[in-house]
Amino acid sequence: MSRRPLAPPLWFGGDYNPEQWPSDVWQEDIDLMVRAGVTMATVGVFSWAALEPSDGRFDFEWLDDVLERLEAAGIGVDLATGTASPPPWLTHEHPDVLPVTRDGVTLGSGSRQQYSPSSSTYRRYATRLTRAMAERYGTHGALRAWHVNNEYGCHVSRSYDRESAAAFRNWLRERYGSIDGLNDAWGTAFWSQRYGSFDEIEPPRAAPTTLNPTQVLDFDRFSSDALLELFRSEAAILREVTPDVPITTNFMGLFGPLDYWRWARELDFVSDDSYPDPADPDAPLTAALSRDLMRSLGHGKPWVLMEQAPSAVNWRGSNRPKPPGWNRSLALQAVARGADGVMHFQWRQSRKGAEKFHSALLPHAGANTRVYEEAAELGHDLRRLGDIAGTKIHARTAIVLDWDSWWTLQQEAMPANLDYAALLTDWYQAFWRRGERVDFVPTDGPFDAYDTVVVPALVTVTDEDLSRLAAVAEDGKTLIVTFQTGVLDPTLGVHRDGYLGPLAKHLGIRLLEFAPTGNSSPKTSVTGTVLGHLDATNWQEHLELAGAVLEATFDDGWLAGSPAVTRRETASGGDAWYIATQLTRDSIARLLDTALGAADPTVVRLHDAGIELIDRGRFRFIINHSASTWAGKVDDIELMIPAWSTQILENPTH
């Protein structure tokens with residue numbers, strides 16, 4: 001899609017909710033925005049009740065005033081459609097819009113996101129508001145982008161109400177064509193589950209024991225698609241009325257309920273909400289992963305960090321504030337990893353409501369505060385970095401990410417409980433530690449741009465995609481495949497040719513049996529002549545060599561002495577590795593040193609000291625994620641970087 005580019009060069013600002021404040025505060029807000037260097041405001045996200053106080057009675061005068069003030073100050077607007085939270089009059093008059101849990105509990109109003117994704121009533125009212133917004137503001141001088149709804153699926157990603165059940169049946173009809181096709185795909189000969197018609201099918205509600213696995217997976221797929229259809233219904237109106245205005249909705253990092261590969265295709269630019277926990281030592285890692293994922297979802301195009309907290313949030317058990325400098329550093333990390341904008345939730349801290357203790361760029365204590373002053377410093381940084389906008393980032397490593405596999409691994413009646421997001425993160429961190437850029441890719445690639453492709457626990461996959469992965473090694477590249485890959489096809493049937501399907505012969509192994517180690521003693525280990533001793537946990541598999549070279553064997557359990565890590569060298573000089581256990585992070589790093597060559601020791605030392613070094617365009621970002629000042633050399637330049645701070649230099653390789 002070719003639409004109006006993101007502008008001005010780098011977005012900076014946050015959600016602005018003027019309806020929470022009397023109008024005599026608005027000009028003060030805008031004056032302080034200008035002082036802080038704000039270039040963009042997200043407006044109207046939760047404004048439905050203010051925009052439409054009663055059925056069909058719209059009130060736009062207050063929003064007209066706000067947008068005119070913002071335009072006069074030179075601040076652009078990412079204008080929301082306002083549909084994220086239905087107003088009380090709508091749920092009161094039409095309780096059928098409310099979502100229902102798998103246990104049959106109807107969720108009430110008084111919060112937010114209180115709608116069923118399949119509610120035709122909700123969709124009718126939401127699209128009416130969207131059209132009214134588009135027709136009134138589509139040519140407004142402040143408008144830079146449309147922000148559809150907000151954080152789809154954050155609170156209600158699955159609804160089991162009657163209208164969702166009917167929509168699920170229609171989705172199944174379209175997917176399978178006939179009830180016989182569905183019965184075959186779902187394997188309903190098992191447990192006397194054969195259906196005579198689609199009308200007999202219900203969502204996978206609470207049941208006496210394990211539900212049909214394919215029914216559960218299809219409901220996950222359907223639920224992601226149902227929310228996507230809501231997005232499409234609003235986006236279609238915006239593209240009709242304002243064809244040149246780019247459209248986004250905010251993702252939420254590595255978020256399980258929605259298949260973001262399908263979603264990203266519908267956006268003009270990807271945007272993300274990111275709330276790393278200051279109490280979590282992995283926060284810089286998980287933030288980096290989220291940045292690289294957003295860039296990957298947009299196929300390398302710049303994206304926008306749409307929300308982050310300037311300091312503390314309000315929804316954790318203990319809401320630790322971000323230490324001085326930390327928000328700026330994570331914001332610049334996003335820019336270094338491809339973001340063309342840094343936004344926040346929110347501009348002015350609320351006095352009332354559920355988020356009154358959530359930090360804001362303008363806190364309760366006002367402008368004479370470290371939070372506001374840090375915001376102004378970040379605004380200055382982004383003005384300096386303006387010419388970085390639009391520059392792209394190239395990675396030589398890809399990690400395969402697949403939502404079908406994620407949903408499958410969460411199901412009951414699997415060999416063991418595995419945390420798919422944790423597995424992805426473990427492999428990502430090893431490349432992060434090496435200072436190497438990573439792209440995430442779907443199961444069908446493309447893979448040709450990468451030297452290394454890592455496939456963690458791709459449990460649900462087609463034969464065709466397994467063959468595409470096999471071609472990576474056959475083309476002279478490095479392919480690293482982990483346990484629980486290639487076990488099931490998209491109907492959750494075990495591959496007819498056995499585990500790993502057509503990939504097995506390219507890996508040079510036969511996978512015979514799974515052997516999870518159990519919760520009581522999950523640790524295991526492996527040892528190889530070159531690899532040495534590697535620690536692992538949770539998982540073992542029974543392998544036979546069928547052309548691969550043995551790189552390590554299990555040290556313990558009934559599989560002691562049997563293959564744990566294998567490698568097959570292809571005729572083109574590629575390598576196909578198989579890892580039959582869940583290696584610890586340090587052990588993954590050591591395996592990569594063998595498979596790919598040792599990491600740059602300078603980069604590893606920097607990482608171990610809490611320093612992240614990232615290049616984008618003509619800038620080099622050196623981020624100190626640690627709680628102490630770091631002193632050392634980078635490119636023969638002596639630096640002293642305080643705790644949680646960032647130094648920006650010219651990129652010597654540019």
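Lining the second largest cavity are five nonpolar residues, one polar and two charged (Ala, Val, Leu, Ile, Met, Phe, Trp, Tyr, Cys and Pro count as nonpolar, Asp, Glu, Lys and Arg as charged, and the others, Gly among them, as polar). The model is predicted: local features need pLDDT of at least 70 and side-chain atom pairs count only at pLDDT 80 or more, while totals for chains, interfaces and linings use all residues. Residues are numbered from 1 along each chain as its sequence is written, and side-chain values use heavy atoms, with hydrogens and water left out.

**Cavity count**
- The model holds four cavities of 30 Å³ or more.
- A cavity is a set of points, on a 1 Å grid over the protein atoms alone, where a 1.4 Å probe fits but cannot get out; lining residues have an atom within 4 Å of a point.
- Points are joined across faces, edges and corners, and a volume is the space filled by probe spheres set on them.

**Second largest cavity**
- This cavity has about 60 Å³ of space.
- Its lining includes Pro-310, Leu-361 and Glu-374.
- Helices H11 (326-336) and H12 (370-384) each supply at least two lining residues (helices are DSSP runs of H or I, at least four residues, and strands runs of E, at least two, numbered from the N terminus).
- H12 gives the most, with four residues.

**Largest cavity**
- The largest cavity has about 70 Å³ of space.
- Among its lining residues are Asp-426, Trp-427, Phe-483 and Gln-582.
- Helix H14 (420-433) and strand E21 (582-583) each supply at least two lining residues, and H14 has the largest share, three residues.
- The lining consists of seven nonpolar residues, three polar and one charged.

Technical notes
On a 1 Å grid over the protein atoms alone, a cavity is a set of points where a 1.4 Å probe fits but cannot get out, and a pocket is an open set with protein on both sides within 12 Å along at least five of seven lines; lining residues have an atom within 4 Å of a point.
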